[in-house]
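I set out here what I looked up in this structure, entry by entry.

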Amino acid sequence: MPATFPDIPVNRITDDPIERKLYSRDLAPVPAILVKPFFRTLPDAVIRPGNAEQVAEVVRQAARQRVPVTPRAAASTSYYNTVPVRGGWVLDVNDLRGGIELDAARQTVRTLPATTWFELDDALQQKGFAVKSYPSSAVSATIGGWVSMQGHGLGSLKYGGVGEQLVSLQVALPDGELRTVTRESDPPLDWFVAAEGTLGVITGVELTVRPRPAAESHHLFAFDDLNALGQSVAWLSRAEPRPFTIFFADSGYLRLLARGGFHIPLDLPPSHFPISEKGLLLASFQGETSEVNRGKDVLTRLPGQELPSDLALEEWNLRLYHLRTKRAGPSLLAAELWLPLDKLGHYLQAVKALAGRSHLLIGTYGLAVAPDMALVMSLYPTDERHTVKYLAAIGFTKWLHDLSARCGGRPYGVGLWNSAYLPRLFSPAQLDELKKRKARLDPTGIMNPGKLYRASFPLWPVTFSLGAAVLGAGHVMLGRERP
Amino acid sequence: MSDQTFFKGLMDESLICAYCGYCRTVCPTYVEVGWESCSPRGRIQLIRLLLAGTPLSAGQMTRLYQCTLCGHCAQVCSTRIDLRQFWLEARAQTVSRELSPQGLATARDNVARTGNVYGYQNDERAGWVEYMDDAPADLYQRDQAEVVYFVGCSSSFSPRAQRIAESFVRVLDAAQVSFTILGEGEVCCGFPLLAAGMHDQAQTLIEHNLERVRMTGARTVVFTCPACRMMWLEEYARHLPGIRLLHATELLAELMAARPLPLKDVNRVVTYHDPCDLARNGGVYDAPRQVLAAIPGLQFVEVHERRERGLCCGGGGDLEMVDPALAQRVAQRTASKLAATGAQVIATACPQCVRTLARGTEQAVPGVEVKDLVELLAEALDI
Ligand SMILES: Cc1cc2nc3c(=O)[nH]c(=O)nc-3n(C[C@H](O)[C@H](O)[C@H](O)COP(=O)(O)OP(=O)(O)OC[C@H]3O[C@@H](n4cnc5c(N)ncnc54)[C@H](O)[C@@H]3O)c2cc1C
Ligand code: SF4
Ligand code: SF4
């Protein structure tokens with residue numbers, strides 16, 4: 001291996017079996033029975049380039065030798081986006097971190113791709129600026145990783161998806177060329193947004209930033225009715241001034257937290273069933289003091305009951321800590337969705353009905369990320385130590401996706417596992433366009449193969465639907481909450 | 001995040017770990033090494049593999065010891081795993097499977113033989129007092145006292161850290177505190193063994209030290225070493241009801257608030273490095289800053305990474321015994337960040353931080369001095 005890369009120090013390449021094993025998983029563990037017969041998730045080697053030139057060198061060699069390359073940053077995704085499915089090399093980009101250069105006059109910043117959102121914002125705040133948006137995984141999620149994914153989170157409601165904030169990207173293309181792409185270039189930078197590492201490796205990012213907000217204010221509301229909660233989120237998302245973010249959660253989410261041993265801001269009955277209609281809404285305004293004050297006025301028209309400000313602040317401070325719910329597990333599975341805001345109440349009610357009927361604990365929370373769109377997570381606890389139970393729980397995700405589809409929703413992110421939903425994610429024309437880009441930039445198909453463009457067996461629509469239906473039914477039996 | 005602890009044991013916690021990676025970029029050793037196996041979540045996976053019966057070598061388990069026990073991972077953990085507890089129990093597992101690094105077995109044998117990790121004769125423990133030209137006739141070893149100063153191995157034996165002990169006893173004298181040291185009656189507090197996963201071997205040491213402290217009738221035990229203080233709080237305190245266990249900076253802040261000391265100007269730019277075991281793990285943030293604020297002339301500049309987010313010096317968790325080169329790299333990076341404040345002096349409150357950061361500055365930012373806070377105070381007292 002080192003002989004292949006004369007310019008990369010040997011201590012940046014490993015074929016150690018245990019090390020490789022650690023690079024063959026992401027957030028959501030999947031039982032071997034669903035993986036081993038179909039995919040080769042163990043990389044042949046892991047390479048940690050130290051700079052953009054070394055990244056380009058790896059990609060060039062990979063194309064020459066037709067070796068699959070899987071870019072991996074924080075690996076805070078859960079659809080095997082960063083896990084190889086055909087072996088090859090995992091390209092750990094994490095050493096391309098830092099290099100933050102602010103252009104205060106233009107309100108833009110350049111950074112290396114593996115800087116985390118938390119780090120970038122922290123550095124900007126010290127200089128009087130702030131990022132416009134960040135994922136609720138900002139402590140680990142990298143700039144390049146979020147650009148490569150769907151790129152919506154906190155702040156997107158006000159400032160749009162991360163794609164809208166990009167000025168330029170430096171990319172190592174599969175032919176080994178390092179290219180700066182902009183909105184006007186060919187290929188344009190849009191191609192690399194949500195490309196999930198299938199078109200090249202991002203080695204530098206330039207994006208717009210905002211002045212550090214002069215004021216911010218957080219308000220927590222309790223609701224007794226999920227429809228009212230949904231309608232309020234939808235209404236507030238279109239209100240002026242636009243909130244920086246709106247977070248919402250149902251009683252299932254709060255129950256998961258309580259079961260994990262955490263304090264929750266609402267009183268819930270001792271038993272989860274019948275499921276309470278209660279829910280929470282956190283509205284956060286950031287900006288000029290006058291704007292934030294106007295935001296407070298808007299909130300007087302919300303129907304929920306405003307909770308004390310210390311609870312609102314606590315909820316805001318926990319905005320990156322939704323994974324606390326995992327203490328109700330030990331395992332937690334989730335359907336992560338785009339959902340039209342005007343159907344939010346309907347979806348929350350439908351999840352409640354499904355959970356109530358089947359005596360399951362399902363918690364839903366999310367963010368309004370556009371005036372008409374929410375990013376929603378429906379979570380449910382399980383235990384990966386019990387393979388059958390866990391397999392059934394995995395199948396149940398499709399039940400939630402189907403339920404969301406009936407409300408106009410679709411999965412958020414593709415990777416390997418969501419490729420089963422491609423027809424829901426893209427129109428035939430959109431998919432065609434994506435495939436054309438892939439064929440043009442990566443003709444040998446070495447960049448993160450097996451993801452995004454087509455489903456591999458057993459994720460073909462028929463096998464997948466059948467399997468998930470059966471397994472999901474298993475979860476309805478095995479995942480039942482004990483009275 | 002709250003300080004609530006949820007620890008359910010190694011296997012359960014390793015399952016609860018979400019693999020979210022929040023712990024990665026704050027980990028001082030992962031940042032240096034870069035491989036997933038050296039990230040906190042990677043180490044958790046290694047333990048999970050070990051518990052599941054995967055044959056792992058001592059070499060592979062070294063990753064578990066390439067950790068300073070700085071606690072930063074626990075502070076950011078998205079599922080609130082008490083990772084400090086996790087690492088200590090995980091290390092105990094490697095010891096029981098005879099997979100711990102050789103350097104630690106040597107330290108254990110040294111402690112068993114001599115009562116200190118270095119393997120020096122324990123009757124030399126108070127040797128530093130004999131070198132003080134104005135030491136009192138009793139060499140600070142008194143039968144009865146209100147306060148016991150538990151010096152710790154580092155300040156007893158390491159030449160650089162001995163200056164801390166020397167400064168502290170002078171400051172205590174200046175503040176007219178009735179105190180004693182235990183001299184050769186003191187043995188290692190046991191923390192290096194606990195950190196090595198050898199909890200049981202620490203018990204004899206604990207019993208010995210407890211007995212010595214009880215004999216003095218003291219109502220306060222004071223430490224210049226934050227790791228000793230942590231160890232006493234966690235393992236000794238329940239046997240010493242009514243006795244206060246304080247870090248030197250806590251005692252000094254208290255004394256100085258009650259009666260200011262006659263301090264002279266120290267006209268230097270000083271920053272403060274929060275020792276992990278005093279600050280993030282030990283909860284003491286304000287006392288050292290109060291002491292610094294009382295020194296006239298001193299221009300204090302805070303480093304951005306401070307308090308709960310304080311940097312690690314690289315010297316904790318027995319890392320120096322297992323991988324001194326890695327400890328050194330961590331120290332250099334931290335020293336550079338601290339020096340970037342423009343400080344002429346990096347003040348801290350831990351002999352181990354002083355030792356490692358002094359070496360780190362020597363290589364990365366020569367000319368920047370590293371001092372324990374009690375040394376700065378002694379300077380301000382002109383003693
Ligand atoms: C607690 C939690 C909260 C989350 N909240 C959100 C949220 O609010 N919004 C949201 O969108 N997601 C969210 N996520 C999902 C995930 O964290 C984000 O998608 C994140 O941006 C991924 O970044 P990463 O650095 O972990 O990328 P990785 O997971 O390492 O990679 C993601 C994809 O990008 C590719 N990639 C990574 N780096 C590069 C690069 N430099 N060049 C080319 N390709 C690259 C990889 O191949 C992979 O396909 C959340 C996850 C968690 C655990
Ligand atoms: S305690 Fe510190 S060194 Fe150890 S794993 Fe956690 S962050 Fe890393
Ligand atoms: S932050 Fe906690 S839950 Fe996340 S990977 Fe690290 S140890 Fe696991």
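Which residue just after helix 4 of chain A takes a positive phi? I found that Gly128(A) does, at about 85 degrees.

I worked from a predicted model, in which local features need pLDDT of at least 70, side-chain atom pairs count only at pLDDT 80 or more, and totals for chains, interfaces and linings use all residues. Residues are numbered from 1 along each chain as its sequence is written, chains are lettered from A and ligands numbered from 1 in the order in which they are written, and side-chain values use heavy atoms, with hydrogens and water left out.

I took helices (H or I, at least four residues) and strands (E, at least two) as DSSP runs numbered from the N terminus.

Sheet. I next traced an open sheet of eight strands with antiparallel pairing (at least two DSSP bridges between two strands), in the order 15-12-14-13-17-18-16-19 (chain A). Its edge strands, strand 15 (305–306) and strand 19 (410–411) of chain A, each pair on one side only. Strand 17 (residues 363–370) and strand 18 (residues 373–382) of chain A pair in the antiparallel sense over seven bridges, and Thr364(A) stands opposite Ser378(A) in strand 18 of chain A.

Loop. I located Trp460(A) between helix 15 (428–441) and helix 16 (461–478) of chain A. Trp460(A) is partly exposed, with a relative accessible area of 46%.

Methods:
Buried < 20%, exposed > 50% of the residue type's maximum accessible area, 1.4 Å probe, protein only.
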